[in-house]
Amino acid sequence: MERFRIEQLTFQYPGRDEPALRELDLAVQAGEFLVIFGPSGCGKTTLLRHFKPELVPHGLRQGRILLDGEPLLELETAGRVGFVLQDPEDGIVCDKVWHELVFGLENLGMDQAQMRTRAAETAAFFGMEDWFYRDVKTLSGGQKQILCLASAMILQPEVLVLDEPTSRLDPVAAEEFLGALQKVHRELGTTIILSEHRLEGVLPLADRVLGMDKGRIVSEGGPRQLEQHLRETGSLLHRMLPVPMRLYGAVQESALADLSEGPCPVTVREGRDWLFHLIEKMKEAGRPVQPATKRSAEQTDAPASVEIKNLWFRYDRQGKDVLKGLSFTAGQGEICAILGGNGSGKSTLLMNAAGILKPQRGKLWKKGRSALVPQEPVSLFTRQTAGLELEEMLEDGLGPEERKAVLEKTARKWGLEDLLDAHPYDLSGGEQQRLALAKVMLTRPEILLLDEPTKGMDPAVKAEFVRMLKELKTEGVTVLVVTHDVDFCGEAADRCGMLFDGVVLSEGTPAAFFREKRFYTTSAGRISRGFLEDVVTYEDLLERLGLSEQDPDSGGKSALPGGAGSPKTGEPDPAELEGKTEYFSAEERERLSGLPYEAEQRRALNRRTALAAGMILLAIPLTIFCGVRFFDDRNYYLISLLIIAETLLPFILIFEKRRPQAREMILLAVMCAIAVLGRSIFFMVPEFKPVVALVIIAGLAFGAESGFLVGAMTGFVSNFFFGQGPWTPWQMFAFGIIGFLAGLLYRRNETFYRSRKQTALLCIFGGLAALLIYGPIMNTCAVVTSIAYDPSRAAFKAVFLSGLPFDLIHAVTTALCLAVLAAPMMEKLRRIKRKYGLL
């Protein structure tokens, strides 16, 4: 039975020149285990998000996606399609394991008896009983990812989609997670769609494998057929295959092909059997394997660049020690790698070495300037485009042409040429990692500290990264890496160490280090153990078999059909560019990512905005008047709720032609929450409040109707903390009308905040709005609703004059808050609007 069908799917992100997906046709059968792989940025994550309507990205789209024969984007799939993200931290929202497990069931409104039953069943299935009541923050990385898997499966979905779920796990934790996933598929028959870079563990589980490159499916079939197809087409995707399959391909293209027997090996066990028989055949044919070279046993006697002695560290005074007398030395121009499981203290060690954390005891000495690339590269990004991130790090003395040349060289070196105009947060995991490394390397550090640098990197980019690290080594740069990518350590490191229980237990050259390891060892070492000694890398295997020149991975073509492109980068040649297909019209692209179309639409007051103006200027003041006149200001809750209803009517009309997105409601709720929090923080200072400034920003970012809604809701909700009363409807109206006017006045120019002059004018508008709109409305409220005053001219004069100093403080506060908050908040909100197509 067919579960999913995709027909001619083409998708393009806002601001991108090329589609992320191109004319995809795909059918997924019920109960199938489908694996998708390809280089970073090839469209894997974009494709996976199209299987889950709630996660479908915003952009231009052609084609159809069907789930059980029905259009997917029109369906509610909360309980039908589960999704596990790459980073477990992005999917966990609760503090306790059991609460996180039932969070989805709570949102679906399931009764407690059913929730308890499902939670017990799920916890037993995934072996979570021992940590069912623990705090999430105490879990290891592997346990967190299993928790995310269990949280998806407790909804009993028909389809489970996973986006590189093992990319942040150490080898042991990754095997445990894949074992749980295999159990789900084998015992429950769930359809599984998974993307991965590390294929060693997932290919044996797959029924079918898809290879993707540049938004297209370029290879499809079973794991064994995949190798042959990629080899025969000369695709660069061949280098992403597991070592047994790559080695089999190299042998098939060499003079040893006649000695190779059996089908292509997929697992390590199959690879060992096949390699053993191949070596035996080589001996019988008088072609013994080559002896190991001495390079694996070389030692570095360079002077120390980083020296750590007896280092002790704990995060809390009463907590456990993370580092326990750790000692380690890295020589100048040496690449040192520290391996260990998730939670073993690798990142803690690196942050101590960078000076971010201070140890309680011990000595840490460094020679030269150091730079750290953290595990989460987004923490290094502060600008609006990848190009600006790199420009920020260029030397000040360079001229415009020199800066341009250095920028282009750096972008080309790290494969970022097509991403310079993209926002760093919108890049894939591998692209973010490359951008972070490129940015840090522009500082020319003498000591480079890398925390999981190959996370999200495909093998081609990883091989280029290894080459660049070795170039840095020749320049005398010391590199200290903490990682659980053992194959990367085998290829790049001069020395490896194992971190466990707060100390480095063993260290040595890659050959010596991996020789004695069973679990933390390379794929090449696993398949050759026992009959080829001192093999660490895939290149070592080729050399021992005498195949260095015959490896199909050493060259090859682009993965695009027809084999067009550069052998090294897969870039299209000029002939391909000349015949490039335009999938979307210029008008569609302008409408998606450009301002001209939107600006044209914003110039005139539309019917919805005119209705909103009528409600705000007529209906809401009339409602307040009726409350004063007929209810004697005592039914202020009723009046407040009527104002909210009147405010919602024009806002609801925004969704006259489409369904509202949950993201839109959440975004406005967050703006209200920030405004309420701002009012609460400064409660002790009369009229020193940022509320008006935040309401103005909401109106500027999301339009007049949304501005009034945020203002009215902020006044209503904040008074639950400060006290409800007859003044609540007046406050709601005062806050709301300021947000409404801001949305009207600035509807023509969404990017005004980039001009200092325009920002100054906005500050003036905010100050005047607080002084001439909010102040008079609330002063009028004080006269009308107070029993101490008769609504006379003298009463109004007294209240207005006594309130003037407070109104002036409020005006100045509003102007200052806008000067500080408007530009950064508008930039963030505008990016969110563009990325998700909101409001």
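The model is predicted, so read it with its limits: local features need pLDDT of at least 70, side-chain atom pairs count only at pLDDT 80 or more, and totals for chains, interfaces and linings use all residues. Residues are numbered from 1 along each chain as its sequence is written, and side-chain values use heavy atoms, with hydrogens and water left out.

**Stop 1: the second largest pocket**

Next, colour α2 (88-91), α5 (141-153), α10 (346-354) and β18 (495-500), each of which supplies at least two residues of the lining. The largest share, five residues, comes from α10. Helices (H or I, at least four residues) and strands (E, at least two) are DSSP runs, numbered from the N terminus.

By type, the lining divides into 14 nonpolar, 13 polar and 13 charged residues. Here Ala, Val, Leu, Ile, Met, Phe, Trp, Tyr, Cys and Pro count as nonpolar, Asp, Glu, Lys and Arg as charged, and the others, Gly among them, as polar.

**Stop 2: salt bridges**

The whole structure holds 36 salt bridges. A salt bridge is a side-chain nitrogen of Lys or Arg within 4 Å of a carboxyl oxygen of Asp or Glu.

Select arginine 168 and aspartate 87, whose closest N and O atoms are 3.5 Å apart in a salt bridge. Arginine 168 is in the loop between β7 (159-163) and α6 (171-188), while aspartate 87 is in the loop between β6 (81-84) and α2; this pair links distant parts of the chain, 81 residues apart. Both arginine 168 and aspartate 87 are buried. Buried means under 20% relative accessible area, exposed over 50%, and partly exposed in between (1.4 Å probe, protein chains only).

Move to arginine 224 and glutamate 270, a salt bridge with its closest N and O atoms 3.0 Å apart. Arginine 224 is in helix α7 (residues 223-233) and glutamate 270 in helix α9 (residues 268-284), so the pair ties together parts 46 residues apart in sequence. Arginine 224 counts as partly exposed at 33% relative accessibility, and glutamate 270 as partly exposed at 22%.

Then select lysine 439 and glutamate 392, where the closest N and O atoms of the salt bridge are 3.1 Å apart. Helix α13 (residues 429-441) holds lysine 439 and helix α11 (residues 386-392) holds glutamate 392, so the pair ties together parts 47 residues apart in sequence. Lysine 439 counts as buried at 6% relative accessibility, whereas glutamate 392 is partly exposed at 37%.

**Stop 3: two positive phi angles**

Keep aspartate 68 selected. Its phi is positive, about 55°, although aspartate 68 is not a glycine. Aspartate 68 is in the loop between β4 (60-67) and β5 (70-71) and is partly exposed, with a relative accessible area of 29%.

End at aspartate 534, in the loop between α17 (523-528) and α18 (538-544). Aspartate 534 also has a positive phi, near 60°, and counts as partly exposed at 29% relative accessibility.
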